[in-house]
Amino acid sequence: MTAEPVITQQPATPAEVPATVRASLSPSRAADFKTCPLLYRFRSIDRLPERPTVEQARGTLVHAVLERLFDLPAGGRTPDAAGGLVAPQWDRLVTEQPELAGLFAEGDDPAVAEFLRSAAALLEGYFAVEDPRRLEPAERESLISAVVDDELLIRGYLDRLDVAPDGALRVVDYKTGGAPREAFEARALFQLKFYALVLWRTRGVVPRVLRLLYLKDAEVCDYAPDADELLRFERTVVALWRAIEQATAQQDFRPRPSRLCDWCNHQALCPSFGGTPPPFPTPEPAADPLRDARSRPAPPGADE
Ligand code: SF4
């Protein structure tokens with residue numbers, strides 16, 4: 001049997017969030033908890049700072065270039081045009097996020113030039129799998145959100161949404177990370193299903209395709225969800241949130257070591273690596289459970 005979607009209004013601003021909503025969750029934070037509850041705590045409750053890495057900065061830059069590329073007339077979306085956007089977009093990002101400049105020693109122009117070249121190489125990977133002259137995205141870097149289970153606001157930023165003439169939706173996510181794909185594929189698919197659930201609940205349409213574009217490998221990974229699967233996924237997300245609530249009430253977030261520990265900023269505080277987490281923050285952070293709903297979720301590319 002195919003489940004019928006419940007169409008709800010998309011809450012665009014916190015003011016429009018229904019009064020029944022008492023928490024919000026982004027795909028990144030949900031995936032954190034699924035990956036390792038302690039990682040979720042460090043990021044969402046302790047809010048420990050994380051130094052941007054060169055890899056994350058490269059991801060943010062490539063996402064920015066691909067977003068601006070579609071501002072150009074279709075015929076002008078060439079590899080040369082994309083390459084020409086790299087340096088100006090990096091300048092813009094460094095102006096907006098001065099901490100990015102700290103990734104390179106002052107005056108180390110060769111390192112910056114090599115970084116920009118590596119971003120351009122990822123763009124070559126993009127052009128190997130897609131011709132942007134033949135595409136007209138419906139949305140780019142758009143914030144989407146929906147309410148599930150009456151109480152939970154789920155939301156996040158789509159890299160791109162394509163809409164076919166027949167109304168079919170294709171969700172596209174650019175992956176720029178250099179880490180082994182198998183270590184992150186489950187997380188990437190989880191995020192895409194999250195977006196598919198939001199779109200289904202807000203627009204009444206199950207996306208036909210969830211597409212991961214791996215720019216480093218110049219490969220495409222397509223996945224076709226169905227409504228029954230999204231209904232099960234919705235139950236999974238709600239159950240995940242209940243587990244987060246319970247862990248928060250009990251102040252019990254356990255480490256779950258995996259290959260992803262290699263990319264974790266917080267090994268020094270993790271018991272699995274001989275560390276001790278800081279005292280649980282007080283006052284209890286859930287005092288403002290909609291805090292996340294009032295702040296901007298991680299922008300595209302920041303969670304590579
Ligand atoms: S090092 Fe691994 S187990 Fe420890 S918090 Fe990070 S992801 Fe979790």
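In this predicted model, the ligand is surrounded by Cys36, Pro255, Arg256, Pro257, Cys261, Cys264, Gln267, Cys270 and Phe273. Sorted by class, this shell holds seven nonpolar residues, one polar residue and one charged residue. The space that the ligand takes up is the second largest pocket.

Next comes the helix at residues 27–35. Helix α1 is largely enclosed by the rest of the structure, because eight of its nine residues are buried. These buried residues are Pro27, Ser28, Arg29, Ala30, Ala31, Asp32, Phe33 and Thr35. One of them, Phe33, is also touched by Phe253.

Phe253 leads on to the nonpolar cores. In soluble globular proteins, nonpolar side chains tend to be buried together. Here, the largest nonpolar core has 45 residues, and Phe253, Leu152, Ile154 and Val171 touch the most other members. Helix α6 (residues 181–203) supplies the largest share of this core, with ten residues. A second, separate core contains 27 residues, including Ala57, Leu69, Ala82 and Leu116.

As for the overall fold, the protein chain has seven helices and six strands, arranged along the sequence as β-α-α-α-α-α-β-β-β-α-β-β-α. Of its 304 residues, 46% are buried. Among contacts between residues at least 6 apart in sequence, 74% join residues at least 24 apart.

Methods:
Residues numbered from 1 in each chain as written. Predicted model: local features only at pLDDT ≥ 70, side-chain atom pairs only at ≥ 80, totals over all residues. Heavy atoms only, no water. Core = buried A, V, L, I, M, F, W, Y, C linked by side-chain atoms within 4.5 Å. Buried < 20%, exposed > 50% of the residue type's maximum accessible area, 1.4 Å probe, protein only. Helix = DSSP H or I, 4+ residues; strand = E, 2+ residues; numbered from the N terminus. Contact = heavy atoms within 4.5 Å. Near = heavy atom within 4 Å. 1 Å grid on protein atoms, 1.4 Å probe; cavity = no way out; pocket = protein on both sides within 12 Å on 5 of 7 lines; lining within 4 Å. Sits in = over half its atoms within 2 Å of the grid points. Nonpolar A, V, L, I, M, F, W, Y, C, P; charged D, E, K, R; others polar. Lists of a residue's contacts leave out its neighbours within four places in sequence.
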